[in-house]
Amino acid sequence: MMGGRLGENIGVGEEIIEKACQLSMKAHSKPNYYYIHDKNRVTFFAFPGSWSVNDWCCRKPFGEIKVDVSMFPSIKSIGNEEIGLVNQAFFTRFQHLLARSSLSAEVEKAISDRKQIVFTGHSSGGPTAILATIWLFEKYTRHNYYNTPPFCLTFGSPLIGNHIFSHALRRENWARYFIHFVTKHDIVPRITLTPFTQIEQELQLVLEFLDPKSTHNLHGSSILSSFLFSVMRNALSVSSYAASYLKGNTNLLLETVASIVELSPYRPFGIFAFCTGRGKIVVLDNPDAVLQLMFFCLQLSPEEENSEFVHGMFKEHLSYESELHESLNYMQDVTYLVNLVDVPLSAHSTSTYAAALNDLGLSTTARLCLRAAGELEKQKLENQKRIDSNKETIKEAITKIQEYKMSCEIRKIGYYDTFKIQKDQSDFNANIKRLELAGIWDEIVEMIKRYELPDGFEGRKEWIELGTLFRRLLEPLDIANYYRHLKNEDTGPYMVKARPKRYKFTQKWREHAEKMSVGFSSETTFWAEVEELRLKPYAQVKDKVSRLEERALTWINEGWLGKDVFLGESTFSKWWKTLPFEHRLGSCVARFITT
């Protein structure tokens, strides 16, 4: 845990936070898609919310769809190819904004003027601000067109995406630019944790009640209480299931319950600043811990379970300006939950931070859940540390394989074919190193599949480069071993049935990091394609042969594929010489092959 002024620790000044909050509320009264405000070197884009139920949920029960990866290519798990889920209604609203307004042109103007861009929104304006920020990151920052990262400041925003959003934004190092302010009892940030089917009759009335321009009054009505307890019940289900995972519970009953009970896919991401209502702010960026706080902060004491208090809880959604004004200008009592494993369990703790946690009303159970979230994060870091300790072992084994490759080239046989023939002791030794490296990389892949490493692991430059070197040296040996033992006759083609995930994952890492199209870095599967093509009549595969030659030439020119593939005794050269004369005459690789 640490202290200090809010702006100093989250990278954006208090005056910008306050201004964003004011503008996000002001935007509700604007008829346009968004409201622009320039102040000094900062351009604010404030997005209004919608008080129509159709702009909150399109489909039952939760209204989620897969992200459009053509617009948001980073919102995925790279190796697992798990695409993020987003609320369809919020996403559609953003798409319409982008297509029908001048937002894109205004953003480009701010970029050309070298402005700091801040996207902001209150209530359902928050999702628009979030999606606009990701859009800017994807279109400009990721392609190095603009190196000043945008900020996204939301106030009382509902959750809009599943766990992949947090995973991807952390991997890209963008998560720290999303800062969400949530008051202790604001119901709106928790709404999307509830199936639409359970609240559809009340939701439109509640939204009309929350509209700052509305005179709609539900004071004394049972609608608010009914709506609140529906949200609380579902927040309990989601947080309890998540807490069981945090605590390592592998009870199959949990999976059975999860398959029966409708659990929301939506999860927090970015930095969350919880306003306690007493001038204090609690800040944290662990998404698992944030989810727990979203439930536990909503709990009511027996004396609070009355219509007056519930009415006040809903009105809290409109109190962000006054709450932040007090907190940022007078109190500056900010608690940063950094080391969650040290969260005090007792409400009577003498810890400097005890008061803020008590103001959030956290029970011992809640504090244990925060600790569990911290322990999981700590375990992921320890897993990464253990994986990192294998780097030298990997490099040493790769060096041995490189030496083996050089000896093969000296013998003029070729790396792939030498290993496929398996005549010498050096071939046997290379196979031992191949198996050793396969074991290390398979362990890494399994951890990634289970999300047991920090979210940033797949984006680490040193591992992307090491994975590429490993793939280029070792995959040809795996292919040679596969076809040497004729496994294709029983199992099928290597690329269809047998390619290990250790090569699929490391290829995807590189393609994503270097913004390549899918499959562009498939040079390591060259030999698998050769083996399959040479088994078929030329007439059936002539187009594929030409495409392979073209790609091989590109890979060789880039230095991704060695020229040993053209040695006279290589499988490729022997097969290529059997192709029709007309094909060989016009082939782009003809000059490399001695006939």
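This is a predicted model: local features need pLDDT of at least 70, side-chain atom pairs count only at pLDDT 80 or more; totals for chains, interfaces and linings use all residues.

Me: What about β10 and β11, parallel or antiparallel?
Reply: Antiparallel: β10 (residues 271–275) and β11 are joined over four bridges. In that pairing F272 stands opposite L284 in β11.

Me: How many residues sit between β10 and β11 in the hairpin?
Reply: Four residues lie between the two strands, and G277 in the turn has a positive phi of about 95°.

Me: Is β11 enclosed or open?
Reply: Five of the five residues of β11 (residues 280–284) are buried, so the strand is largely enclosed by the rest of the structure.

Me: Which residues are on which side?
Reply: K280, V282 and L284 are on one side, I281 and V283 are on the other, and all of them are buried, so both faces of β11 are covered. As background, side chains in a regular strand alternate between the two faces of the sheet.

Me: OK, zoom out. What's the strand order in the whole sheet?
Reply: It's an open sheet of eight strands, ordered β1-β2-β7-β8-β9-β10-β11-β12, with mixed pairing. The edges are β1 (35–39) and β12, each of which pairs on one side only. From one strand to the next, the twist averages 20°.

Me: Which helix packs on β10 and β11?
Reply: That would be α10 (residues 287–296), which touches both strands and whose direction makes about 25° with that of β10.

Me: And which strands does α5 lie across?
Reply: α5 lies across β2 (42–47), β7 (116–122), β8 (151–155) and β9 (178–183), and runs at about 155° to β7.

Me: Which residues make the contact?
Reply: From α3 you have F90, F91, R93, F94, L97 and L98, and from α5 there are P127, T128, L131, A132 and W135. Sorted by class, the contact of α3 with α5 has nine nonpolar, one polar and one charged residues.

Me: Back to α10. At what angle do α10 and α14 pack?
Reply: About 170°, with the axes of α10 and α14 (residues 364–388) 8 Å apart. The two helices are therefore roughly antiparallel to each other.

Me: And who meets whom?
Reply: D288, A289, Q292, L293 and F296 of α10 meet T365, A366, C369, L370, A373 and L376 of α14. By class, that contact of α10 with α14 has eight nonpolar, two polar and one charged residues.

Me: New topic: where is Y483?
Reply: Y483 lies in helix α18 (residues 461–484).

Me: Buried or exposed? I mean Y483.
Reply: Y483 is buried, because its relative accessible area of 5% falls under the 20% cut-off. Leaving out residues up to four places away in sequence, Y483 touches Y416, K420, N488, P493, Y494, A528, E531 and E532.

Me: How many Å separate the C-alpha atoms of Y483 and F229?
Reply: 62 Å, and the two residues are 254 residues apart along the chain.

Me: What does H167 touch?
Reply: H167 touches K76, S77, Y451, D455 and E458, not counting residues up to four places away in sequence. H167 is found in α6 (residues 163–171), and it's buried, with a relative accessible area of 7%.

Me: Last thing: what are the overall numbers?
Reply: The protein has 25 helices and twelve strands. Its C-alpha trace spans about 90 × 50 × 45 Å along the principal axes. Of its 595 residues, 55% count as buried.

Conventions: Residues are numbered from 1 along each chain as its sequence is written. Side-chain values use heavy atoms; hydrogens and water are left out. Buried means under 20% relative accessible area, exposed over 50%, partly exposed in between (1.4 Å probe, protein chains only). Two strands pair if DSSP finds at least two bridges between them. Contact means heavy atoms within 4.5 Å. Ala, Val, Leu, Ile, Met, Phe, Trp, Tyr, Cys and Pro count as nonpolar, Asp, Glu, Lys and Arg as charged, and the others, Gly among them, as polar. Axes are lines fitted to C-alpha atoms, for helices over the stretch in contact, and angles run from 0 to 180 degrees between N-to-C directions. Angles under 35 degrees count as roughly parallel, over 145 as roughly antiparallel, 65 to 115 as roughly perpendicular and the rest as oblique.
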